[in-house]
Amino acid sequence: MGRTWTSMDDFEAFLDGGGIVEVDDDMPDAYRQAVFAFIEMHANSELMGGLTERDWIPRTPGLRHKMAVLAKTQDEIGHAHLLYMVGADLTVKTRPGMLEDLFAGRSKFHNVFHYQAKTWGDQVAISFLVDAAALASQQAVFKNCSYGPYRRILKRIISEEGFHMRMGEERMLRIAAGTEMQRTMFQQSLDDWWWPALQLFGPDTRPGDVLLRWHIKSERNEVLRASWVQKFVPLLMSYGFTIPDPGLTHDPAADTWTSGPIDWEPLKRTLAMGGPDSARRIADAAANWADTHWVRRVLDDAPTRAAGTAA
Amino acid sequence: MTGLGSAVREFLLAFADDEHLIGQQHTEWIGVAPFLEEDLAFSSIAQDELGHAAALYAIVAGDGDPVDDDLRIDDLAFGRAPEDWRSAQLVEITSDDWAHALVRHWLYDAAEQLRWEQVAQSSLTPLAEAAARAEREEQYHRRHADGLLDVLLPVPDSGDRLRTALADLLPLAVGLFDPVAGEAEAVATGVASAPFDSRLDEWTDRVRRRFDVDPARFLPAAPTGRLDRHPDFGPLLVRMREVIDLDPAAIW
């Protein structure tokens, strides 16, 4: 049996002192719900990200290249697998319950995976820009996360995501040094994915955000977003690409870049399952899930059948 | 040994093409297999098969001395005209049903084991080495397919789905044993120990024991020599080459 706290103040003092909550602790229900919702969204996003990428895996230009991108997507699905198990341990929902909610459009996943990867350039942009954004967010959680099981699996997730980002960067560099067609394609991908990737960080963190207060996250959205802009604007410009942000400003004295006004409407639409590819994405995933129900039904019943035979 | 000769080259390409296409077909299942562990297992198997293909193409590209050069490997893997492929139709057909994919995985891997055994003592050292590496992976592939079939076959509904898929696939699976041009030369030079179809009875026996059917019912009318492409092959090659075909000068 885990620890108990006499009051929320007592619990928050424990968290403020760097305390780590474990699954068998008698944590306040609001904390349990908040950490669960965060993990569930992360798990869903890893899975839906894998589904976004899978559209292009069979079309990867190169045999060993295909093995590498397959390994990357396999990592993403593996992250989802770990996260669903850690989420299920919180006993808010079962693992099948989480998947069924996802495929019924009842639960959330990151905005970027409500868009379709329409070209190979999009595939590269995802593993470069989007993975970098996701990695920055995860690092900020990992640094100081109060929920022990999540923090521990984030260590592995982050090390793999770092590798994905480098792979994306390497592929972006080949395109940057490539033909006119390649560069045009990637510029289009940048035009399409820049804002969704930037919006992955979410709007500015509200005062009193419980995720920060309970040390589930340790950095404000706007800080992470600004540092991502700071990294990618000069990098992409140095390869001759254009950042699709007319309001982008440069402070020469500090050599810093600041993005222009952000239109949050597209983000809001994705959260309401009204993103450009939300309907197809959910419908396809639900159809696949339904098509393979016969397998799960038999496997789920297998222990019962075995017990029946033994008796 | 110096130089493969065109016959042995054909023999190796047939094996490489089969490994390439079964791996390619398996990649279609990532994210849409029946459960997450299965997504991971199936994509690992796909990766292994693509790796075997790459190893075999590397031997061909280097004329017996494997190259470590993606462009030369990919030239063989993607650059040949359909009539120059030597794949079996089993790996060319589209499988959009999980029962179909699982049965194909089992049938293919049962044959693949025997096929690697034929070259385990090859006079072509890199091929014998590839065989040893492949078998270490293949035992897990077979265990994976068998583990699922052990549970799914005895249950009426799932068993029926799998037997329907088997009836569909078996004639094409037997085609894996169709002698390819160059095989006689490969055997004569010790690249392979014996013609692959000398193992057909053993494979047939395994199929019979696994699925409790008589494969003799499904024997193909005549061997094709792996020269006829299945109608699904054309669209498959277009899909595999979609990005490559955008710009012949591009390196990705």
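Begin by selecting the contact between the two chains: 44 residues of chain B and 35 residues of chain A take part in it, where two residues are in contact if their C-beta atoms, placed from the backbone, lie within 7 Å. This is a predicted model, in which local features need pLDDT of at least 70, side-chain atom pairs count only at pLDDT 80 or more, and totals for chains, interfaces and linings use all residues. Residues are numbered from 1 along each chain as its sequence is written, while chains are lettered from A and ligands numbered from 1 in the order in which they are written.

Next, select the side of chain B that touches chain A. At least two residues of this side come from each of α1 (5-27), α2 (36-61), α3 (70-78), α5 (125-152), α6 (156-174) and α9 (233-240) of chain B. Highlight α2(B), which gives the most, with 12 residues. Colouring this side by residue class shows 25 nonpolar, 9 polar and 10 charged residues. Here Ala, Val, Leu, Ile, Met, Phe, Trp, Tyr, Cys and Pro count as nonpolar, Asp, Glu, Lys and Arg as charged, and the others, Gly among them, as polar.

Now display the whole of chain B. Which elements does chain B contain, helices or strands? Chain B has 9 helices and 0 strands; helices (H or I, at least four residues) and strands (E, at least two) are DSSP runs, numbered from the N terminus. Along the sequence, the pattern is α-α-α-α-α-α-α-α-α.

Among contacts in chain B between residues at least 6 apart in sequence, 74% join residues at least 24 apart.
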